Amino acid sequence: MKILVTGGAGFAASNFIRQTLKKYPDYKVINLDKLTYAGNLNNLKDIEGNANYKFIKGDIADKRMVDKVMRNENIDVIINYAAETHVDRSILDPDAFIRTDVIGTYNLLEAVKEFKIGKYIQISTDEVFGSIKRGKFKEDSSFKPNSPYSASKASGDLLCRSYIKTYDLPIIITHSCNFYGPYQYPEKLIPLFITNLIENKKVPLYGDGKNVREWIYVLDHCRAIDFLLHKGKLGEVYNIGSGVEKKNIEITKLILKELGLGDERIKKVKDRAGHDWRYAVDSTKLRKLGWSAEYDFDDAIRETIRWYQNNDWWWKPIKSGEYLEYYKKQYK
Ligand code: DAU
């Protein structure tokens, strides 16, 4: 099987590529990535020389580029991980979100149609449903996105839906809860807080810290995508969740405790604009099909903290800006 993974130099996708190459020695993976600030080839340093892996620098919002890859590579499956994903950035500057998450998705869907791709998996988020006080979002809950980021993902997902209904294309849409784990860009809550504390800085907790997120270990998410790649029903939508819900303050205290630090390291800051109160997804549909999350939250978060402690070669250059300078020179 030859899989095109878009955004493969990002956090979740790089974990997925590593897992796939290890699990299926006869599969080939093409990684098409624009190398934005969040795309980092260091995420895949250990598999750079793998004969079944190829990196192509390119933007899914560039239709000519997408078509060129399709013509040259004989792709069987597309997994669309490429996205602008950070809520705070979307509040400051939504432009890139519309380009990648909407236009980029549209270009890939057109390619699925034109090049008769066998399967397309859309990696998306629970944020498209908006915020929920009680209960959980089901696959058919209505979209109520509250940030330019979630609106851009919702738009991409709606395009996917329309291509299933109108053109009968082999598409699967997934909505996942929050990820954590190794190689996550240190702008998201967990890696930002761990690395700030290692650097003797404070952690900026938004509002009262009582907002709730459902957390899945990145390798469990990779397992879910692998599962859907082989067993998912075409034309269907699947929620991916762990059932583990935590308030931000609980996550913060857990990290502080693990690092032997106290609450004085918390810096209460102004709340995020339009800050969603709680996300939670009902993933019964996926579990009924045979997948379930395997990693224990307490073990996996400790493992994640240790990873950032032992791998400052990876995150220190990112935080200092050194990495971006290096890659700008190398790939411009
Ligand atoms: O639910 C899935 C989504 O999870 C993904 O679709 C998004 O791409 C991903 O960024 C994430 O969105 P969140 O906004 O939930 O993640 P973030 O790590 O930015 O924030 C998690 C919570 O922590 C949120 O309630 C805001 C809060 N927070 C975040 C940061 C970065 C803070 O209190 N302080 C911070 O500095």
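Visitor: Why is Asn200 called exposed?

Guide: Asn200 has a relative accessible area of 64%, and exposed means over 50%, buried under 20% and partly exposed in between, with a 1.4 Å probe and the protein chains only. Asn200 is therefore exposed. This is a predicted model, in which local features need pLDDT of at least 70, side-chain atom pairs count only at pLDDT 80 or more, and totals for chains, interfaces and linings use all residues. Residues are numbered from 1 along each chain as its sequence is written, and side-chain values use heavy atoms, without hydrogens or water.

Visitor: Where does Asn200 lie?

Guide: Asn200 sits in the loop between α6 and β8; helices (H or I, at least four residues) and strands (E, at least two) are DSSP runs numbered from the N terminus. Its phi is positive, about 65°, although Asn200 is not a glycine.

Visitor: What makes Asp168 exposed?

Guide: Its relative accessible area is 67%, so Asp168 passes the cut-off for exposed. Asp168 is placed in the loop between α5 (148-167) and β6 (171-176). Asp168 also has a positive phi, near 55°, and is a residue other than glycine.

Visitor: With which side chains does the side chain of Arg223 make a polar contact?

Guide: One partner is the side chain of Asp220, at 2.5 Å, and another is the side chain of Glu294, at 3.4 Å. A polar contact is a pair of N or O atoms within 3.5 Å; within protein, one must be able to donate a hydrogen and the other to accept it, and residues adjacent in sequence count only if both atoms are side-chain atoms. Leaving out residues up to four places away in sequence, Arg223 touches Gln19, Trp291, Ser292, Ala293, Glu294 and Tyr295, where contact means heavy atoms within 4.5 Å.

Visitor: Why does Arg278 count as buried?

Guide: At 9% relative accessibility, Arg278 falls under the cut-off for buried, so the term applies. Arg278 lies in the loop between β12 (266-269) and α9 (284-289).

Visitor: What does the side chain of Arg278 reach?

Guide: The side chain of Arg278 reaches the backbone oxygen of Lys133 at 3.4 Å. Arg278 and Glu245 are also joined through their side chains by a polar contact of 2.8 Å. Beyond four places in sequence, the residues that Arg278 touches include Gly130, Ser131, Ile132, Val212 and Arg213.

Visitor: What makes Asp67 buried?

Guide: Asp67 has 12% relative accessibility, which is under the cut-off, so Asp67 counts as buried. Asp67 belongs to helix α2 (residues 63-73) and touches Glu114 and Phe115, not counting residues up to four places away in sequence.

Visitor: Which residues have the most contacts inside the largest nonpolar core?

Guide: Ile79, Tyr81 and Ile255 do, in a core of 68 residues. Helix α7 (residues 218-231) gives the most to this core, with seven residues. A nonpolar core is a set of buried Ala, Val, Leu, Ile, Met, Phe, Trp, Tyr and Cys residues joined through side-chain atoms within 4.5 Å. A second, separate core has 24 residues, among them Ile30, Val66, Leu108 and Cys160.

Visitor: Leaving aside neighbours within four places in sequence, what is Ile79 in contact with?

Guide: Ile79 is in contact with Ile3, Leu4, Val5, Thr6, Phe16, Ile121, Ile123 and Ile225.

Visitor: Which residues come nearest to the ligand?

Guide: Of 24 residues around the ligand, Asp126, Glu127, Tyr149, Asn178 and Arg272 come nearest; a residue is near if one of its heavy atoms lies within 4 Å.

Visitor: How far is a polar side-chain atom of Tyr149 from an oxygen atom of the ligand?

Guide: The distance is 2.5 Å for Tyr149. For a polar side-chain atom of Lys188, the distance to a ligand oxygen is 2.8 Å, and for a side-chain N or O atom of His275 it is 2.7 Å.
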